[in-house]
Protein chains: 2
Amino acid sequence: MTEIINLEPFFSPQSVALIGVSSRTGPGTFNVLEQILNSGYRGKIYPVNPRGGSILGVPAYRSVKDISHSVDLAIISTPRSAVPEVVGQCVEKGITAVIVITQGFSDADDEAGQRMHNEIVEAVRGTATRVVGPNTLGVINNFINFKSAFLEFTTSTVPVGFICQSGIFLAAAKDFTGGIGIGVDIGNTSDVGFIECMEYMAQNPLIKVINLHIEGLQNGRRFMEAARRITPLKPILALKTGSSEEGSRAASSHSGSLAGEDAVFSAAFNQSGIIRVAGASQLAELNRTLWTYGKMAGKRIGVITISGGAGIMAVDACSKYGLQTASYAPETIAVLEEVFPDWMKAGNPADIWPAGMARGYHKIVALALNSVLADSGVDAVLCITPAYLDPAEDPLNIVDTVNETVAKHPDKPTAMWFFGPHKQKYAEKFNEAELVVAYGSPESAMYCLSELYKYHNMIKNKAYETTTLPPTGSVNLKLSTLSAAPVALNEKALDIIESCGIPAVNRRLASSEDEAVKLAGEIGYPVVMKISSPDITHKSDAGGVRLGISSEAELMQAYREMMEIIPQKVPGARIKGVLLQKSVSEGTEVILGGKRDPQFGPVLVFGMGGIYAEIMRDVAFRVAPVTKREAVEMIKETKAYKIISGARGKKTGNIEALAQCIVKLGELLGNQPEITEVDINPLLVKPEGCIALDARMVID
Amino acid sequence: MTEIINLEPFFSPQSVALIGVSSRTGPGTFNVLEQILNSGYRGKIYPVNPRGGSILGVPAYRSVKDISHSVDLAIISTPRSAVPEVVGQCVEKGITAVIVITQGFSDADDEAGQRMHNEIVEAVRGTATRVVGPNTLGVINNFINFKSAFLEFTTSTVPVGFICQSGIFLAAAKDFTGGIGIGVDIGNTSDVGFIECMEYMAQNPLIKVINLHIEGLQNGRRFMEAARRITPLKPILALKTGSSEEGSRAASSHSGSLAGEDAVFSAAFNQSGIIRVAGASQLAELNRTLWTYGKMAGKRIGVITISGGAGIMAVDACSKYGLQTASYAPETIAVLEEVFPDWMKAGNPADIWPAGMARGYHKIVALALNSVLADSGVDAVLCITPAYLDPAEDPLNIVDTVNETVAKHPDKPTAMWFFGPHKQKYAEKFNEAELVVAYGSPESAMYCLSELYKYHNMIKNKAYETTTLPPTGSVNLKLSTLSAAPVALNEKALDIIESCGIPAVNRRLASSEDEAVKLAGEIGYPVVMKISSPDITHKSDAGGVRLGISSEAELMQAYREMMEIIPQKVPGARIKGVLLQKSVSEGTEVILGGKRDPQFGPVLVFGMGGIYAEIMRDVAFRVAPVTKREAVEMIKETKAYKIISGARGKKTGNIEALAQCIVKLGELLGNQPEITEVDINPLLVKPEGCIALDARMVID
């Protein structure tokens, strides 16, 4: 359990010192004091400026030490060279919350920036003082009209807690999250980071959805643990930027964050119940979706539309986001066809325009919505209606009709999409009642419903509850005793794999031709012969692999050829002999591996063998260790699943056994931090189980 | 060349008859006359209503025949049963343009609907009268304030011509295309369709970009030819709905359109220079992009940003859409670092906030924009700036600064992205000058720049100019004489393939064991033996394939086994003997095939062999025939390209020879309409060329 720190002084300060605030005010001066006064904050404010006097009528102190009152929060915007000393003064004064707005620390390209970053860290170490920033716009709490930013921006108050690594996400919250409740820009994260802020948002009853903007993480595993605790209480949405290789380089230089491999982030989010969004523009509607609708039990969607063409768009979107077009029950069809013109059949989507024109639009909307929502084969509805006229004058204004009908079906989400010049006004009217969400397009409606369903399904199945590391040493290989420097293991790797419970091919080391003949006889032909040498990693390339040796004569010939060719190809290689393995054919070749991610630690990689993994990029990642269920999900994420489960009349492979291998390798990686890389390649998946044919491992 | 019909009476009528217009007016009555009067149309209007009298002060005629004046356009909204007769009256009256708004024809689920559809078609056949609809909102021409729709909607006038199959796209043009110049809902397309309307938009000088909403096409090839003529003059954007399997079913029932396989549509658009958009929301910004910027010479993007975090988003988007982050020249870097703080290096993205705060934001924006646009390594720029305050009061309002700087670099697009509450006002200010486009997000900016680059690159390379069908009979196989009903060919298929210029494996039919021995000796071991029987299509499954036969003894044994096993597996199968082929190994197995698409005719399919094509869905489509360049593009679209061009140290395959096979098969399909399906599987791609090992064909 993470120690929970008290962030109240940051988000709800009773008194604020503004250290380094300028006496210049007005447009273009970006004066924090002016912004705080304008925003309507009701606490005490103490400007600090070396020249004293008063700023905008508020008396200024020459130093924070001169303030005789108690101060909850200090906001520092002095030149960067003064910051470490001022932080020290805040510590002396007993201020427990400090925001450093000033730039040029770990975000700077010079050494002085990093040195002063360390000085700030040292100044608060072991004290009760915590720091947000440097290089931050600080915090915003719309519930008490407080923000520490020097920019003027306003945004509507919504039950969203936003934690970001760049001030732009607070300043542009209107565009991104659709408003804000409480927000914080953690900037360079010299001290307070994602985990503490997430815990704070989780405990704050005004916050219903948590949003994260992540460029990089400092402790991926602690972050995952925190997310797993919080996600059953409140959904967490994450926007990860720096996802491209180039963006990742830009991220590293932006706030000193370490940007990790994008697929590992996706895996980690998935394993912690965090909903990843592809772009900032998806946050606003998804937030409103999550706080408006109580739940969504399945993925069968009913579409009620004023336009056949729009209905088609809705069905396309439904399919794109993995939802299903519901099949209406005969009773539902009957209710609709009762009012439809004679020449028109009813189905899903239901085009209500002709019926609406003939019998009154309000009546038909209410009837269609009510019968479709009552259909037990429907889990949610998208209703498409126009917004041509101002709602005050519009005969097609069905806001009240929809709200009244929907209120009778609180367990099923009804999504709305309007088109036409007045859609914004309609959306605002619906937003007031908070019974339905008005979406910008059928695509975004289906996307949000899909994420809503997945979130509630995850909570129901407790899919965020995953395994934790078993006690270290449960597989004690004493690998750390092997070497001080990184070492690549070949044959030994297969031994280690086997000892942790993954079946490996029957293999024997023969140090002479005679011994090879004897051992091959014991193993049984056909056999595979591989050179054994600590100096040869890529055996095939060195001519050190012979497959399908079917007789003693062939074996002897192969042995002699290999002993002749290897010294030519790899001069000076120490040859320990040859490794003999039973020839194993049939089955599907997969690759199972692992590596250390700088942010998340041990990570498992699974994919098809051969050229599939490389060319097709058909691989799945998980932060290790994993549960059996996660392992199965991992297999299902790849196309390998289809092949193993029997495409093209091939014998099916044993998914259960494969999942078990993934779990075992995950445990090994979790327990043995010395293993920095491992590849089981190929791992053969057969109907009766799995068998590792070769492995490589790097120990550090 | 398509015959160009005169659509002026539809889009710019001097006089309009409104047949079937109701005497009920006011909100909720959807009265066409009222809408036309309200919109400010200046032509003559003749309402037609059986009761006569006057409607909204305009005298009404009892029948269209009673109108003594000449009428350019008739708009029919009578009940459907009256429509065919009224259309006939319009023909008699000599009205050349008729819009049928009424629903319930080929869009209906009853037989009467289809019958009356045919009656309309018959009524105008051979006359000068053309029909738009039925089931349509008709036309809109914002340049003369005319629209035939019964719905009240207004939209800004932009140089976009919009042709759609559902009225919603006109009514919601503000949301979709960002406004409209001239638009038409072709509805059920009983007569006037995409091709004529595209030709009209191409000739209309007020239209700069053409937009299409397509559910299905009636003549895909003529459509492609028209698009190829128009695309060098004006860009064409297409939104194809009904792209999912379910959406496609919904599309078929919506407007009687035939929805084709989605990938074939993508291929056809690509081959005709049409830009396909994934969603309706992409149209507006892409339209503005295409009419604002003159050209874009390359894909190297410079990013100037007020926020490091936003810069990362921009770089992510740049990478996502296939653009490149430009490397600035040393002179550009020097200019930037001259004004940047000492602790900050300059690069791309260039974070101008600290310099802007220290030295004046306007000055720094102008300096950065000017130096980056002047950099010869930069093809376009994205500039990110805030929009917190009303532009009238905002010290960060750089609209004029940007416009002045950008005007000096007319050959390079500058894209803008603002964030903050006043972004809409800033966008409007920029839109007035039409020098830059203001985007909703860095993602949409990069997406649009990417499409802009691709469009101009295509025009420059004349990539829309593709091959046309060679004269029929250039490969005359007289396939049509084979049979009246569909026939599946096996061995004969390989002969046909070979005769059209695709190398096939050396193969001989042996009708006895002795002959098999003799022929195998001639071919040379190892050989492959396959059963030859008109009754066996899937030879492997029947035990009718033996690979790698390396000696006469093996051959004889295999022959006897096959002759024993086949009659057991396929009782009664007529056995003609065995086919002997040279064993060919090494090389990459691909599948090359073709089929008849109901909308586009012959279509080529190419992909990796084995399980790749099926499981990985790694296939490319093209409407046949194709040029060599298109064939190479087709190969490059698949992962097969990487493998053939030498992944994993494999010998490379001959891309040139493979492309030649694709061209040849395309010609065969184009010339022989009897071939409805063909599969060359596998086609082996080797360094020295390609060789077809097996083929199947269906003739109809």
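Reply: Pro134(A) sits in the loop between β7 (130-132) and β8 (138-141) of chain A. The model is predicted. The peptide bond that leads from Gly133(A) into Pro134(A) is cis, and its omega is near 0°. Most peptide bonds are trans.

Domain 1 of chain A covers 1-135 and domain 2 covers 153-292. Further along come domain 3 (294-460), domain 4 (506-582) and domain 5 (588-699). Between the centres of domain 3 and domain 5 of chain A, taken over C-alpha atoms, there are 43 Å.

Superposing chain B on chain A takes a rotation of 180° with 0.1 Å of shift along its axis, and the RMSD is 0.1 Å. The two copies are therefore related as by a two-fold rotation axis. Within chain B, Met616(B) has the C-alpha nearest the axis, at 4.1 Å from it. Both copies use the same surface, since 100% of the contact residues of chain B recur in chain A.

Strand β7 of chain B belongs to an open sheet of five strands, in the order β2-β1-β5-β6-β7 with parallel pairing. β7 (130-132) is an edge strand there, as is β2 (44-48), and each pairs on one side only. On average, neighbouring strands of this sheet are turned by 20° against each other, direction ignored. Inside the sheet, β1 (residues 15-19) and β5 (residues 73-76) of chain B pair in the parallel sense over four bridges. Leu18(B) stands opposite Ile75(B) of β5(B). Helix α3 (residues 83-93) of chain B lies across β1, β5 and β6 (97-100), and runs at about 170° to β5(B).

Strand β8 of chain B is part of another open sheet, one of seven strands, with the order β9-β8-β11-β10-β12-β13-β14 and mixed pairing. Its edge strands are β9 (146-147) and β14 (275-277) of chain B. β8 (residues 138-141) and β11 (residues 180-185) of chain B run antiparallel and are joined by four bridges. In this pair, Val139(B) stands opposite Val184(B) of β11(B). Two helices of chain B can be described against this sheet. Helix α7 (residues 194-203) lies across β10 (157-164), β11, β12 (209-214) and β13 (236-240) of chain B, at about 165° to β12(B). Helix α11 (residues 283-292) lies across β10, β12, β13 and β14 of chain B, at about 155° to β12(B).

Back in chain A, helix α7 (residues 194-203) packs with helix α8 (residues 220-230) at an angle of about 5°, their axes 9 Å apart. α7(A) is thus roughly parallel to α8(A). On the α7(A) side, the contact residues are Phe194(A), Ile195(A), Met198(A), Glu199(A) and Ala202(A). Those of α8(A) include Phe223(A), Ala226(A) and Ile230(A), along with Arg222(A) and Arg229(A). The residues of this contact comprise eight nonpolar, no polar and three charged.

Leu56(A), in the loop between β3 (54-55) and β4 (58-59) of chain A, has a positive phi, near 50°.

Key
Residues are numbered from 1 along each chain as its sequence is written. Chains are lettered from A and ligands numbered from 1 in the order in which they are written. This is a predicted model: local features need pLDDT of at least 70, side-chain atom pairs count only at pLDDT 80 or more; totals for chains, interfaces and linings use all residues. Side-chain values use heavy atoms; hydrogens and water are left out. Two strands pair if DSSP finds at least two bridges between them. Axes are lines fitted to C-alpha atoms, for helices over the stretch in contact, and angles run from 0 to 180 degrees between N-to-C directions. Contact means heavy atoms within 4.5 Å. Copies are superposed by least squares on the C-alpha atoms of residues with pLDDT of at least 70 in both. Angles under 35 degrees count as roughly parallel, over 145 as roughly antiparallel, 65 to 115 as roughly perpendicular and the rest as oblique. Ala, Val, Leu, Ile, Met, Phe, Trp, Tyr, Cys and Pro count as nonpolar, Asp, Glu, Lys and Arg as charged, and the others, Gly among them, as polar. Domain bounds come from an automatic or database domain assignment.
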